[in-house]
Amino acid sequence: MSGSPSSPPVPDPPQFESIVEGALVGVYVVQDGRIVYANPRLGDLFGYTPDELRQLPSIQPLVAPEDWPMVEDRLRRRLSGAMQTSTHVMRGVRRDGSLVELEVYSRRTEHDGRPAVAGTMVDVTERRARERELEARERRYRELIENARDIVYTLDLTGRLTSLNRAGQQLLGYSEAEACTMRVTDFVPLNQQAALAALMDRNVRDRQDVTTELEIITRTGEQRVLEVSTQLIERDGAPVEIQGIARDVTERRARERALQSLTIVDDLTGLYNRRGFLTLAERHLKLAIRKKAGLFLLFVDLDGLKQINDTFGHLEGDRALVSAAQILRQTFRSADIIARLGGDEFTVFPLEAADWSADLLLSRLDEQVQAHNTAHGDRGYALSLSVGVARYEPDSALTIDQLLDRADQALYERRRKRRT
């Protein structure tokens with residue numbers, strides 16, 4: 001290019017002028033700190049004509065004051081040969097004082113035989129605004145995750161943690177850097193490993209979102225219960241990671257269990273009450289129906305409770321009821337359903353008991369009663385239990401209430417026969 005600072009340079013070869021003049025990017029040449037060539041698009045970017053840009057004594061008024069030291073340094077380094085080419089973003093000052101963000105490409109060249117800087121400028125104001133908005137959203141999102149009360153985490157497809165928010169770090173007792181060297185299986189008890197493997201398999205193989213409960217072990221060895229929701233993240237149709245949100249429900253589950261025990265457990269004996277018995281017995285009966293298995297149910301009365309209350313007082317009557325409950329616990333297995341139905345009435349629903357074992361269990365019950373009376377002979381009365389047995393066959397279609405009625409009738413018959 002040639003020409004005075006106040007007139008357009010003449011490009012060579014001839015086709016250069018038509019290409020550059022019609023370019024959609026701003027094209028410039030700077031020498032001695034002044035613009036010596038500007039195409040029409042460069043003028044549009046700043047709100048000047050190309051001639052007006054060339055008449056400016058310096059390019060400094062076109063650069064935001066905060067960015068001028070950076071621009072000046074880059075010009076100096078390119079002219080000295082320390083930097084041949086560079087790309088950077090600067091804020092330009094338009095004629096009306098407004099700012100425009102420009103992506104600037106420049107390289108060292110020569111103009112009229114002397115060093116100069118030539119390059120292009122592209123308006124990236126809108127793009128940069130979108131990028132800043134996206135960055136702000138991502139920052140707010142990260143802050144939201146970090147400050148969330150729930151645990152937020154990500155896993156790679158092998159189960160290794162790749163991120164863990166502050167709530168997760170506080171619960172587990174590990175920093176994010178420490179946690180990200182571990183696999184999620186490191187936090188789960190052995191008896192939960194199969195459930196966790198199935199959870200991840202459903203996530204990755206079946207592309208299913210999953211919500212479940214898992215027990216985890218913290219750094220201090222404390223066990224906590226988490227309600228976990230997971231989601232598979234895909235890019236271009238391929239799974240890349242698992243995102244999860246977990247909530248510590250340990251205390252809530254403990255309260256629910258306590259509340260449930262209050263509603264299904266007898267306060268005096270600690271056995272199931274009628275509500276608890278009916279709930280569990282219905283499940284047991286349905287399982288027996290599916291398995292087409294026979295079973296039996298025992299109806300038990302504490303004999304002479306009214307006489308004990310009248311003679312020794314109600315506190316002693318309560319002691320007798322508690323003793324009867326202890327005898328039943330000692331006779332039957334912990335898995336069997338043992339309940340106090342109310343007053344002096346008890347019931348036992350053995351699990352997986354064969355029909356022939358009823359007589360054996362009744363014999364053991366008699367032995368336990370005799371042993372108790374021998375050990376507590378100073379009470380002034382002997383404990384006595386009456387028992388009736390109702391048997392259930394797979395094709396009988398009896399309900400729990402009907403089984404209870406039959407066992408009660410059998411108890412009555414045994415008492416009648418004992419009296420005669």
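The model is predicted, with a mean pLDDT of 87 over the chain. An open sheet of 5 strands, a largest pocket of about 290 Å³ and 3 cavities of 30 Å³ or more are described below.

**Confidence**
- A pLDDT of 70 or more is reached by 94% of the residues.
- Residues 1-11 have a pLDDT below 50.

**The five-strand sheet**
- The strands are ordered β7-β6-β10-β9-β8, and their pairing is antiparallel.
- The edge positions are held by β7 and β8 (210-217), each with a single partner strand, so one side of each has no neighbour in the sheet.
- On average, neighbouring strands are turned by 30 degrees against each other, direction ignored.
- The antiparallel strands β6 and β7 are joined by 3 bridges, and L155 stands opposite L161 in β7.
- Helix α8 (residues 193-204) packs on this sheet and touches β8, β9 and β10. The direction of α8 makes about 145 degrees with that of β8.

**Largest pocket**
- The space in the largest pocket amounts to about 290 Å³.
- Its lining has 17 residues, and Y141, I145, V152, Y153 and G244 are the closest to the pocket centre.
- Two or more lining residues come from each of α5 (125-147), β6 (151-155), β7 (161-164), β9 (223-235) and β10 (238-248). The element that gives the most is α5, with 4 residues.
- By class, the pocket lining has 6 nonpolar, 8 polar and 3 charged residues.

**Largest cavity**
- About 250 Å³ of space lies in the largest cavity.
- The cavity has 21 lining residues, and those nearest its centre are Y153, V184, I216, L226 and V228. Y153 is also among the residues closest to the centre of the largest pocket.
- At least two lining residues are supplied by each of β6, β7, α6 (166-172), α8, β8, β9 and β10.
- The lining divides into 19 nonpolar and 2 polar residues, with no charged ones.

**Second largest cavity**
- The volume of the second largest cavity is about 160 Å³.
- Of its 17 lining residues, Y28, V30, I59, V71 and M121 are the closest to the centre.
- The elements giving two or more residues to this lining are β1 (26-31), α2 (40-46), α4 (68-80), β3 (85-93), β4 (99-111) and β5 (114-123). The largest share, 3 residues, comes from α4.
- The lining consists of 14 nonpolar, 2 polar and 1 charged residues.

**Helix pair α11 and α12**
- Helix α11 (residues 305-312) packs against helix α12 (residues 314-331) at an angle of about 145 degrees, and the axes are 7 Å apart.
- From α11, the residues L305, I308, N309 and F312 take part in the contact. Their counterparts in α12 are H314, E316, G317, A320 and L321.
- This contact comprises 5 nonpolar, 3 polar and 1 charged residues.

Key:
Residues numbered from 1 in each chain as written. Predicted model: local features only at pLDDT ≥ 70, side-chain atom pairs only at ≥ 80, totals over all residues. Heavy atoms only, no water. Axes fitted to C-alpha atoms, helices over the stretch in contact; angles between N-to-C directions. Contact = heavy atoms within 4.5 Å. Nonpolar A, V, L, I, M, F, W, Y, C, P; charged D, E, K, R; others polar. pLDDT = per-residue confidence, 0-100. 1 Å grid on protein atoms, 1.4 Å probe; cavity = no way out; pocket = protein on both sides within 12 Å on 5 of 7 lines; lining within 4 Å. Points joined across faces, edges and corners; volume = space filled by probe spheres on them. Pairing = 2+ DSSP bridges.
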